[in-house]
Amino acid sequence: MFDKLLSVQNISVDYTSNSFLFPWEKNLTFRAVDNVSFDVLEGETLGMVGETGSGKSTIAKAIINILKISSGEIFFQNNQISNLNEKKIKKFRKEIQMIFQDPLASLNPRMNVGEIISEPLKTHNSKLSKNDINLQVKEIMENVGLLSNQINRYPHEFSGGQCQRIGIARSVILKPKLIICDEPVSSLDVSIQAQVINLLKELQKKYNLTYLFITHDLNIAKHMSDNIMVLQFGKMVEINKSNEVFNNPKEDYTKQLISSIPRIK
Amino acid sequence: MIILNKKFNEIEKNISKIQEVKGRSLWHDARVRFFKNKAAVVSLTTLFLVLLFSFLGPIFAKWSNEEIDWSVLGDISTLGYPSIETGHYFGTDELGRDLFSRVIQGTKISLMVGIVGALIAVVVGTIYGATAGYFGGRIDSIMMRIVDILMSIPYMFVLILLLVIFGRSILMLFIGIGLVSWLDMARIVRGQTLSIKKKEYVEAAITIGVSHFTIIRRHIIPNLLGVVAVYATLLVPGMILTESFISFLGLGVQEPNTSWGALISEGAGTMRYGTLWQLLFPLFFFVISLFSFFFIGDGLRDALDPKDR
Amino acid sequence: MLSVKNLFVKFKTPEGVVRAVNNISFNLLKNQSLAIVGESGSGKTQLAFSILGLLDKNAESQGQINYQDKNLLNLDERSLNKIRTKKISIIFQDPMTSLNPYMKIKKQINEILIYHNSFTNEQATKESLRILDAVKIHDSRKTIDSYPHELSGGMRQRVMIAMSIICKPEIIIADEPTTSLDVTIQSQIMDLFNDIKKEFNSSIILITHNMGIIKNVCDNIMVMYGGKTMELGKTNEVFSNPLHPYTKGLLETVPSIDQEYKKLKTIKGNPINMISPPSGCIFRTRCPDPSHECLEGTSTNALIKIKADHWVDQCCVNCH
């Protein structure tokens, strides 16, 4: 229960521009992530907080192997997963999933809800029958608060909050161990944000999920996370238990962030 | 007990099937928008009628396309006139052959060249372009440089060369047109793929673990089809024009096969003898078909890319 | 100074008629600031656009927007152009798309002064530099010679704000000015608005869905839902004593960092479809405690006065 599910060690991610046809041109390098290390224990939620350019999305993409890291290593359940080729990483993809920021953009507009949610099933369990897939999809839809009779509808027929629920259903259907939530509620209306946050917490309990929760919204970060990591310009500023970060911020940047939070009362 | 459970499961499945709400896909919306466009619908109907003409026409023809009507030879400008009594609905050409049947045959051949050429372009070009665009990097560079090189070869010159060396035949025409038609499509598809590749749902598919070619098939190509369809409907007239030009030069289809270009060429040649019908009938079909394709292309573009999306 | 009476805005779309704004009325006095709060579909942006005649061609508006004894809805383009930016200016939501990417900042700001005040190029540039300093841009000379993509989000928004205040307008409309910005920049921009209020004596209409940022900037608040006003009053009064369940919901739904929550309070249901909104009270599908009459769809929405500075929708009063 308290094992390190994910261990990120000293990773750096550089964006370089080099040209294949004109190799004598100078390479420009931009260091998006600089020597970041952290661990995530099973069952807990680590909040990644930072502003634009902090590198939080880059770290997320590096963990799911969409981006290559330039140095360091990433371990998942003690297996190295950084910079693997597609074949080797396929079996880990079942266990690490992602929820994206823009709910409508993360769904293929030409596929209906049933096809979208069942895609992970079809990819990893190709032997399942159509009926089995259908039943599993409908079950997950009910669990995320969608009516299962909407299964043939297309993404543009749903509201933003419902689209995000579809995205969540898709990422949860394989019961992965780790879900990276990349600003899952930032594009939603305020009244829907709370619904989705509650849903995420519910699912965490139900399926024993571990979350890496990326957000720029500190209020939500505090509510969702057990531990919080603050990033600025690709570097880790502070990492501590949630309450500690907010009540006893150690670094100036953290203090600045907390004091900028608009307060209603 | 097991049987009862099975029955209940069946019933449950059936009930849930009944209640499922029908989805409204984007293709459906586009179809609705397309049919609201009057010009496009008229063009579609026109094309359909032309196709019908080429298939059903032979039923009404009194003469075949090869038969020479000896009775009109010698004075075609008065005897070869279009009339219903003689059975030459469109008149005769200068060799006394029935123009009605010749136009039917020309329509068949020209449309076939256009559509088959566009089909080759679509299939080859889409797969090539999507692969290049999706994989990017070196693969993309190499693949697109090949396209660039092939594009810079003067196409008409090569086509004429092929036809002269290997003889004039429909097969050669297809090969020649097919060799070149996919290049533009590949470029366009690659460009579209580059922008689709960056979309979040492609990232989501990679995260799920979908294999590369399945991503291209399931996520990229369906979202390209809009652009491809529009471009394909504009390719068809292009093909027909090319073939017509080649035939006009005398290098296209061999006798007794004929095409619009060949017929127009002959008709233009005999204009000064007053046998205008030899030019006007094939020209008429040629023009309305091309116009129809253009309007359909426009209609498709508007239907698939509305401003309010 | 600005008086909106019974404003209706409708859009004809292929899918049906969208009633974006339904019978909105409010007054804006000199030096007052009003926050218009609502989520997507509430009609707040269309309301702002209708003031300056920026609605799309398929829009139909009805009612009165009275400014300087004229109904703005009846003015033609030429007269509206004299008011735009000079008397009433607007700051749009996304600074990247509201600045022309092919023009340097200098040209874009000078354009305003040359058109409205008939300045020469040199005079305009001088004034532009001054105004960029006023919005606290560090290196105004460098900024003025840059293209929009060379500036950060916060700086672009400051440039937009500078462009909106350069003619010292009487009313500034800010449409979600901080939504796309980081939280530290957000607080700086809100401080800037406060300074502008004091220095230029302008009235500000601030449109947002973020309740938190309006507290220190806006005197009054209007909560909109489905194109109708749910609650209207002084900010302090409404915040400390929210009467409408939607207002209460908005205030409670964002978790505060000073509290622990097991489960966040939500407003149930989903945003309504503006083509076929619920009959009767527009909020009834999401109200936590609707009355029987309200559920039937027979009640109507209208603002009634509760206190001197506090109006609320009558359906809410009847239900609770």
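Two strands are taken to pair if DSSP finds at least two bridges between them. In the predicted model described here, strand 1 of chain C, which covers residues 2-13, and strand 2 of chain C, which covers residues 16-28, meet this condition, pairing in the antiparallel sense over 10 bridges. These two strands of chain C form a hairpin, with 2 residues between them. Within this pairing, C:Phe11 stands opposite C:Val18, a residue of strand 2 of chain C.

Strand 1 of chain C also pairs with strand 4 of chain C, formed by residues 59-67, again in the antiparallel sense and over 8 bridges. Here C:Phe8 is the residue that stands opposite C:Gln62 in strand 4 of chain C.

Turning to chain A, its secondary structure comes to 9 helices and 10 strands. The radius of gyration of chain A is 19 Å, close to the 18 Å that the globule rule gives for 265 residues, and chain A is therefore as compact as a globular protein of that length. Computed along its principal axes, the C-alpha trace of chain A spans about 60 × 55 × 35 Å. Of the 265 residues in chain A, 46% are buried. Among the contacts in chain A that link residues at least 6 apart in sequence, 67% join residues at least 24 apart.

Key. Residues numbered from 1 in each chain as written. Chains lettered and ligands numbered in written order. Predicted model: local features only at pLDDT ≥ 70, side-chain atom pairs only at ≥ 80, totals over all residues. Helix = DSSP H or I, 4+ residues; strand = E, 2+ residues; numbered from the N terminus. Rg over C-alpha atoms; globule rule 2.2 N^0.38 Å. Buried ≥ 20, exposed ≤ 12 C-beta atoms within 10 Å, placed from the backbone. Contact = placed C-beta atoms within 7 Å.
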